[in-house]
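Here's a quick briefing to read alongside the model. Have a look at the fold, then work through the points below.

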Amino acid sequence: MGSSSLSEDYRLCLERELRRGRAGVCGDPSLRAVLWQILVEDFDLHGALQDDALALLTDGLWGRADLAPALRGLARAFELLELAAVHLYLLPWRKEFTTIKTFSGGYVHVLKGVLSDDLLLKSFQKMGYVRRDSHRLMLCWGRSGGLCWVHG
């Protein structure tokens with residue numbers, strides 16, 4: 001990979017994808033393999049994630065009789081969450097990324113299909129979103145006196 005850090009490698013991968021016209025998740029198989037190994041084996045990372053990843057996995061698999069489709073659903077949900085974070089990282093000025101409509105197809109069918117509302121809200125809050133109303137999450141640009149400045 002050649003770069004001095006994984007975050008730099010990941011950033012470069014995202015920039016390559018963007019130059020190709022795809023603002024999405026990193027598709028570099030060697031980088032994905034390294035990241036997978038770290039996610040599986042680095043117990044310090046598990047602690048840094050504050051059990052959020054494990055809570056998401058547990059939530060997505062709870063009560064599922066057939067694990068294969070449940071795992072595919074979770075993989076797609078994690079990919080969609082990653083894509084939301086990538087969009088904020090690469091294109092924070094784009095207005096379409098300031099609002100997440102919780103009635104949209106991706107949110108309802110991909111995310112809510114496998115994860116609870118509480119865990120989804122917690123995940124999006126870590127990216128800077130707040131609940132605007134029962135149908136929208138909005139990006140919070142700053143806080144003053146306990147109030148959040150939202151766009152839109």
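How do helix 1 and helix 2 lie relative to each other: roughly parallel, roughly perpendicular or oblique? They are oblique to each other, a label for angles that are not under 35 degrees (roughly parallel), over 145 (roughly antiparallel) or 65 to 115 (roughly perpendicular). Keep in mind that this is a predicted model, where local features need pLDDT of at least 70, side-chain atom pairs count only at pLDDT 80 or more, and totals for chains, interfaces and linings use all residues. Residues are numbered from 1 along each chain as its sequence is written, and side-chain values use heavy atoms, with hydrogens and water left out.

**The overall picture**
- The protein has seven helices and four strands, taken as DSSP runs (H or I, at least four residues, for helices; E, at least two, for strands) and numbered from the N terminus.
- Reading from the N terminus, the order is α-α-α-α-α-β-α-α-β-β-β.
- Of the 152 residues, 30% are buried, meaning under 20% relative accessible area with a 1.4 Å probe, protein chains only.

**Helix 1 with helix 2**
- The axes of helix 1 (residues 6–19) and helix 2 (residues 29–41) come within 11 Å and cross at roughly 140 degrees; axes are lines fitted to C-alpha atoms over the stretch in contact, and angles run from 0 to 180 degrees between N-to-C directions.
- On the helix 1 side, Leu-6, Asp-9, Tyr-10 and Cys-13 meet Leu-31, Val-34, Leu-35 and Ile-38 of helix 2, with contact meaning heavy atoms within 4.5 Å.
- By class, this contact of helix 1 with helix 2 has seven nonpolar, no polar and one charged residues; Ala, Val, Leu, Ile, Met, Phe, Trp, Tyr, Cys and Pro count as nonpolar, Asp, Glu, Lys and Arg as charged, and the others, Gly among them, as polar.

**Helix 1 with helix 5**
- Helix 1 packs against helix 5 (residues 67–90) at about 85 degrees, with the axes 12 Å apart, so the two are roughly perpendicular.
- Here Tyr-10, Arg-11, Leu-14 and Leu-18 of helix 1 meet Glu-82, Val-86, Tyr-89 and Leu-90 of helix 5.
- That contact divides into six nonpolar, no polar and two charged residues.

**Around helix 7**
- Helix 7 (residues 117–126) has Leu-119, Leu-120, Leu-121, Ser-123 and Phe-124 as its buried residues.
- Just after helix 7 comes Gly-128, with a positive phi of about 105 degrees.

Conventions:
Buried < 20%, exposed > 50% of the residue type's maximum accessible area, 1.4 Å probe, protein only.
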